[in-house]
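Take a look at the model first, and then we can walk through it together.

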Amino acid sequence: MPRDLVAKKNTVKYAAVPALLAMLALSPAQASETAGTEPSNSLASAQQVFQNAWDQSPLSFTEKTFAKAAAQGYGDFDPVDAAVFDQNEPIIVYAEPVGYAFREADGAYNINLSVDFELRNMTGQILASQKDFAQLQNSSRKRVHEFQTSLQFGLQGLQEGDYTLMVRINDLNSNKTGSFELPFSMNGPVE
């Protein structure tokens, strides 16, 4: 994170304290009159700094892990205890991309991402791959910065052993691409 961004965030954080103290000093009637109005200048400024940092960031991930099941929402997932799977078990990857671009159209902000993957053995040999494995989209009247995906892979027939799953997410609204690798092991057949 750039040093000047941290300094601005700290400035915003402390600048809000006097405003909060001033609001606490208001009478209940005065406080209710000011509640529900526009965000403070400090908050609006911090939001703009955040959006500028977001726009300049590469496509990256705040979370990327194997999960026990598809997420119920942003941050609402249960990670696996160990990345060891049975042969007939679906493999679910939970990811939170950040830094993607928004395409503005008809009063909405659109997120448009595509997903590629590669399955590799421990020598780096690509055993399976697919471009445009999945399309991830969202449309909202506000920029959504808390976006998540649960990707399910059916890798039946894999022999017992160790593997790496590489996931690449491509931003269709910009030229940004981000990827990550998750190592895992496959159990032998159940007898």
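## Around Thr65

Let's begin with the contacts of Thr65. Setting aside neighbours within four places in sequence, Thr65 is in contact with Phe77, Pro79, Ile92, Val93, Tyr94 and Leu182. Thr65 itself sits in strand β1. The model is a predicted one, and in it Thr65 has a relative accessibility of 17%. That value is under 20%, so Thr65 counts as buried.

## Salt bridges in the model

How many salt bridges does the structure hold? There are five.

Lys68 and Asp81 meet through their side chains in a salt bridge, with an N to O distance of 3.8 Å. Lys68 and Asp81 both belong to the loop between β1 (60–67) and β2 (84–85), and they are 13 residues apart.

Is Asp81 buried or exposed? With a relative accessible area of 76%, Asp81 is exposed, while Lys68, at 47% relative accessibility, counts as partly exposed.

## Asp116 with Arg168

A further salt bridge is formed by the side chains of Asp116 and Arg168, at 3.7 Å from N to O. This pair links distant parts of the chain, with Asp116 in strand β5 (residues 108–121) and Arg168 in strand β8 (residues 161–171), 52 residues apart.

Asp116 has a relative accessible area of 6%, so this residue is buried. Arg168 is partly exposed, with a relative accessible area of 23%.

## Glu181 with Arg120

Glu181 forms a salt bridge with Arg120, and their closest N and O atoms are 2.7 Å apart.

As for accessibility, Glu181 is partly exposed, with a relative accessible area of 46%. Arg120 counts as buried, because its relative accessibility of 18% falls under the 20% cut-off.

Methods:
Residues are numbered from 1 along each chain as its sequence is written. This is a predicted model: local features need pLDDT of at least 70, side-chain atom pairs count only at pLDDT 80 or more; totals for chains, interfaces and linings use all residues. Side-chain values use heavy atoms; hydrogens and water are left out. A salt bridge is a side-chain nitrogen of Lys or Arg within 4 Å of a carboxyl oxygen of Asp or Glu. Helices (H or I, at least four residues) and strands (E, at least two) are DSSP runs, numbered from the N terminus. Buried means under 20% relative accessible area, exposed over 50%, partly exposed in between (1.4 Å probe, protein chains only). Contact means heavy atoms within 4.5 Å.
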